[in-house]
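Hi everyone, thanks for coming. Please have a look at the structure on the screen, and then I'll walk you through it.

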Amino acid sequence: MATSGLGTDRSMVAGGTLTASQYCAVTLETDGTVILANNQGERTFGILQDDASVTINSTAGTNGCTIRIAGITKAKAGGIIACGARCTNSATTGALETAASGDFVIGIALEYAASGDVFSMLIVQPETPFVT
């Protein structure tokens, strides 16, 4: 059963639509907004904790969201993930999958997950790509 624990959350502005992306990886853009991580194994900022539906500025069409940047989080699996596996983001959905050599690792799975499952993960975010 997926659980989240003590962690550090950050309120951010969504740079695009993040609805239906709860517990997926996001990246920090140069304008200070976050978007869904959409390049396999890229450096990510954290895990979206909500559905980004809080309107900050209705005229500008911006929504707020909460991002877990440290600690234990729930995460959405984009493939089979073993307990203890290093995790990275998938190519298009922001869901997490097992990291390959050269991928940036966002966390370590704390339980087994199949594709589409929500699982517990410890965010680690190293500054260098994973090497097998």
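Residues 24 or more positions apart account for 57% of the contacts with a separation of 6 or more in this protein, where contact means heavy atoms within 4.5 Å. Keep in mind that this is a predicted model, where local features need pLDDT of at least 70, side-chain atom pairs count only at pLDDT 80 or more, and totals for chains, interfaces and linings use all residues. Residues are numbered from 1 along each chain as its sequence is written, and side-chain values use heavy atoms, with hydrogens and water left out.

So what is the chain built from? There are 0 helices and 10 strands; helices (H or I, at least four residues) and strands (E, at least two) are DSSP runs, numbered from the N terminus.

Now let's follow strand β10, residues 118-123. β10 pairs with β6 (residues 62-76) in the antiparallel sense over 6 bridges, and pairing requires DSSP to find at least two bridges between two strands. Which residue of β10 does I72 stand opposite? That is L122. β10 also pairs with β9 (residues 107-109), again antiparallel, over 3 bridges, and there I108 stands opposite L122.

Finally, the overall picture. Of the 132 residues, 42% count as buried, meaning under 20% relative accessible area with a 1.4 Å probe, protein chains only. Along its principal axes, the C-alpha trace spans about 45 × 30 × 25 Å.

Terms used:
Buried means under 20% relative accessible area, exposed over 50%, partly exposed in between (1.4 Å probe, protein chains only).
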